[in-house]
Amino acid sequence: MVKPIDLEELLMRVKALLRRANINNEHKLTIGDVVLDYDKLMVTKGEEKIELPQKEFYLLYKLLSYPNKIFTRMQLMDDIWGMDVKSDEQTVNVHIRRLREKFSNYNEFEIVTVRGLGYKAVRKDD
């Protein structure tokens, strides 16, 4: 940070660091009433529990861990499926479509297509 220190910016940076530290320690990500449990591959909202297939969960967790960050399909393929996978980028599109269907009634977040680039998650709690 540059001096003189802007208190509002400092508070935002500390909040972001604490959020990231909490994600790393607990392997849980909380967005409003929604909790993503990395160890159980489960999304919980109140009494509703949705257990996701591994790749779908990892994809959702990745997008929501970095809100508003745009990921290309290739980045997501490399990070989630690995660099030596035989599938093409269409695989990401299919998994995104499935996630959108499963969480269409959730107001806490949205998966947005960035035309010509890829996808990003928009969290509504920030």
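In strand S4 (residues 48-51), Glu51 is the bridge partner of Met42. The model is a predicted one, in which local features need pLDDT of at least 70 and side-chain atom pairs count only at pLDDT 80 or more, while totals for chains, interfaces and linings use all residues. Residues are numbered from 1 along each chain as its sequence is written, and side-chain values use heavy atoms, with hydrogens and water left out.

**The S2 to S4 region**

Strand S3 (42-45) and S4 are antiparallel and are joined by four bridges. Strands are taken as paired if DSSP finds at least two bridges between them. Helices (H or I, at least four residues) and strands (E, at least two) are DSSP runs, numbered from the N terminus. S3 and S4 make a hairpin with two residues between them, and Gly46 in the turn has a positive phi of about 65°.

The loop between strand S2 (34-37) and S3 holds Leu41. Leu41 is a residue other than glycine, yet its phi is positive, near 55°. Lys40 is also placed in the loop between S2 and S3. Lys40 counts as exposed because its relative accessibility is 54%; the classes are buried (under 20% relative accessible area), exposed (over 50%) and partly exposed (in between), with a 1.4 Å probe and protein chains only. Lys40 and Glu51 are 11 residues apart along the chain, and their C-alpha atoms are separated by 7.8 Å.

Helix H2 covers residues 54-65; its 12 residues should span 16 Å at 1.5 Å a residue, and the end C-alpha atoms are 16 Å apart, so the two values agree. The expected span is 1.5 Å times one less than the number of residues. The buried residues in H2 include Glu56, Phe57, Leu59, Leu60 and Tyr61. Leu63, Leu64 and Ser65 of H2 are buried as well.

Asn68 lies in the loop between H2 and S5. Asn68 is not a glycine, but has a positive phi of about 70°. With a relative accessible area of 46%, Asn68 is classed as partly exposed.

| Residue | Phi |
|---|---|
| Leu41 | near 55° |
| Gly46 | about 65° |
| Asn68 | about 70° |
| Gly116 | near 80° |

**The sheet of S5, S7 and S6**

An open sheet of three strands has the order S5-S7-S6, and its pairing is antiparallel. S5 and S6 are the edge strands, each pairing on one side only. Strands of a sheet pair through backbone hydrogen bonds, in either a parallel or an antiparallel way.

Strand S5 (residues 71-72) and strand S7 (residues 118-123) run antiparallel and are joined by two bridges. In this pairing Phe71 stands opposite Tyr119 of S7. Strand S6 (residues 109-114) pairs with S7 over six bridges, again in the antiparallel sense. Within S7, Arg123 is the bridge partner of Phe109, and Gly118 is the bridge partner of Val114. The hairpin of S6 and S7 has three residues between the strands, and Gly116 takes its positive phi there.

**Arg100 in helix H4**

Arg100 belongs to helix H4 (residues 90-102). Its relative accessible area is 32%, so Arg100 is partly exposed. Leaving out residues up to four places away in sequence, Arg100 touches Ile111, Val112, Thr113 and Tyr119; a contact means heavy atoms within 4.5 Å.

**The protein as a whole**

The protein has four helices and seven strands. Along the sequence they follow the pattern α-β-β-β-β-α-β-α-α-β-β. The C-alpha trace spans about 50 × 35 × 25 Å along its principal axes.

Of the 126 residues in the protein, 33% are buried. Among contacts with a separation of 6 or more, 46% are between residues 24 or more positions apart. The protein exposes about 8200 Å², with carbon and sulfur atoms supplying 50% of that area; accessible areas come from the Shrake-Rupley method with a 1.4 Å probe, and for residues only the protein chains shown count as cover.
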